[in-house]
Amino acid sequence: MKRGTRSKLFSSWQDASIVRKLPFAFSALLTALVGVFVYTAYHGVKQKAYDAVTERLDRVGTEIAEIGAANRVGRAALFDRTVRRPAIEAAIAGDLSHRPDTVLTRLRVGSDSSAILLLDRDRRVIAQAGNPLSTNASQHLSRIVNDAREMRDTYAVGQIFEDGGRAFYWQGYAIRRGSDVVGYIAQLRRMGSAPTSTAALEELIGDATVLVANADDFTTPWVRLDGRLVEPPTEPHAQRGTHRHSRGETRALAYTVQIAGTPWMVVTETSESVVNERAFRFLRQTAPIAVALILLGVLISWLISRKVTLPMRDLA
């Protein structure tokens with residue numbers, strides 16, 4: 001703005017009557033007060049939305065992690081019962097006449113027909129049930145055998161890996177006779193819950209997404225509950241607690257919790273737009289009211305100024 005223009009505006013303001021000055025000053029003050037109130041309320045609503053979302057992510061993630069830990073205990077008990085069956089004990093001793101592969105099929109879950117192996121102490125395959133192993137799955141076998149040997153309860157869950165566009169992991173059990181390891185059972189599992197279970201859970205958790213991933217390597221596959229692979233975050237994630245990360249073009253608010261006894265973590269996340277939308281909805285609802293209050297204030301101040309100044313004008 002040019003200097004002459006500013007001078008003219010200042011002079012016109014000085015020359016203006018109180019009838020004009022009072023409504024303007026009052027409306028400016030009212031606008032500032034309403035703006036501060038709306039700004040403070042907006043951030044209060046946004047914080048409450050953030051707290052509500054993080055509390056729900058925390059609760060859902062913790063409950064699913066506890067279910068995963070309980071499932072691990074149940075699978076370990078099932079493996080323990082399986083290795084005590086006579087057909088398995090006989091196969092470890094070299095007698096395959098009792099069809100150990102039939103016993104191994106009892107470890108299957110649902111329609112998953114992935115490979116289940118019985119290995120001797122030298123890690124040679126004694127019996128096998130299910131589909132043949134791919135080269136990629138075979139490369140992960142030695143690690144789960146080593147992990148099972150080192151675990152206190154002799155049962156281990158392996159890391160998630162991708163094979164043919166699907167997510168898999170190994171379960172391993174070291175068969176002991178006293179302090180000696182005499183063999184192993186290794187089962188390849190496909191990630192993914194039953195569609196009905198997944199649909200029911202997603203209905204309960206609403207707009208949150210539940211993912212499972214390896215806890216020590218965020219570049220490996222991230223998997224939805226139904227088994228679909230998703231893009232991992234573009235930056236390192238927190239191994240526990242609430243944080244933000246980006247997957248693709250989506251910025252998400254997330255909560256991470258480790259599944260006890262496994263190398264996995266549960267990640268519950270929801271888009272930041274969910275939090276922002278609640279705050280923006282508050283703005284859309286309050287903005288018309290704020291504008292109406294300001295206009296009403298201007299009208300009232302104009303009426304008051306006229307009531308005050310008219311008697312003074314008559315006296316003059």
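**Close-up views of a predicted model**

View 1. Helices (H or I, at least four residues) and strands (E, at least two) are DSSP runs, numbered from the N terminus. The model is predicted: local features need pLDDT of at least 70, side-chain atom pairs count only at pLDDT 80 or more, and totals for chains, interfaces and linings use all residues. Residues are numbered from 1 along each chain as its sequence is written, and side-chain values use heavy atoms, with hydrogens and water left out. E7 pairs with E12 in the antiparallel sense over six bridges, and strands count as paired if DSSP finds at least two bridges between them. Valine 212 has valine 266 as its bridge partner in E12. E7 also pairs with strand E8 (residues 222-224), again in the antiparallel sense, over three bridges. In E8, tryptophan 222 stands opposite alanine 213.

**View 2. Asparagine 214 in strand E7.** Asparagine 214 belongs to strand E7 (residues 209-214). Its relative accessibility is 0%, so asparagine 214 counts as buried. A polar atom of its side chain lies 2.8 Å from the backbone nitrogen of isoleucine 160.

View 3. Strand E10 (residues 241-247) is largely enclosed by the rest of the structure, because five of its seven residues are buried. E10 runs antiparallel to strand E11 (residues 250-258), and seven bridges join the two. Histidine 243 has alanine 254 as its bridge partner in E11. Two residues lie between the strands of this hairpin, and glycine 248 in the turn has a positive phi of about 65°.

**View 4. The ring pair of tyrosine 169 and tryptophan 264.** The structure holds four aromatic pairs; rings of Phe, Tyr and Trp (its six-membered ring) pair if their centres lie within 6.5 Å, and planes under 30 degrees apart count as stacked, over 60 as edge-to-face and the rest as tilted. The ring centres of tyrosine 169 and tryptophan 264 are 4.6 Å apart and the planes stand at 85°, so the pair is edge-to-face. Tyrosine 169 lies in strand E5 (residues 166-177) and tryptophan 264 in strand E12 (residues 264-271), so the pair ties together parts that are 95 residues apart in sequence. Tyrosine 169 is buried at 7% relative accessibility, and tryptophan 264 is buried at 11%. Elsewhere, ring pairs link Phe79, Tyr155 and Tyr173 into a cluster.

**View 5. Salt bridges of aspartate 112.** A salt bridge is a side-chain nitrogen of Lys or Arg within 4 Å of a carboxyl oxygen of Asp or Glu, and by this rule the count comes to ten. Aspartate 112 forms one with arginine 189, the closest N and O atoms being 3.9 Å apart. Arginine 189 lies in strand E6 (residues 180-190) and aspartate 112 in the loop between helix H4 (100-104) and strand E1 (116-120), so the pair ties together parts that are 77 residues apart in sequence. Both arginine 189 and aspartate 112 are buried. Aspartate 112 forms another salt bridge with arginine 190, with the closest N and O atoms 3.7 Å apart. Arginine 190 is partly exposed, at 27% relative accessibility.

Notes. Buried < 20%, exposed > 50% of the residue type's maximum accessible area, 1.4 Å probe, protein only. Polar contact = N/O pair within 3.5 Å; in protein donor to acceptor, adjacent residues only side chain to side chain.
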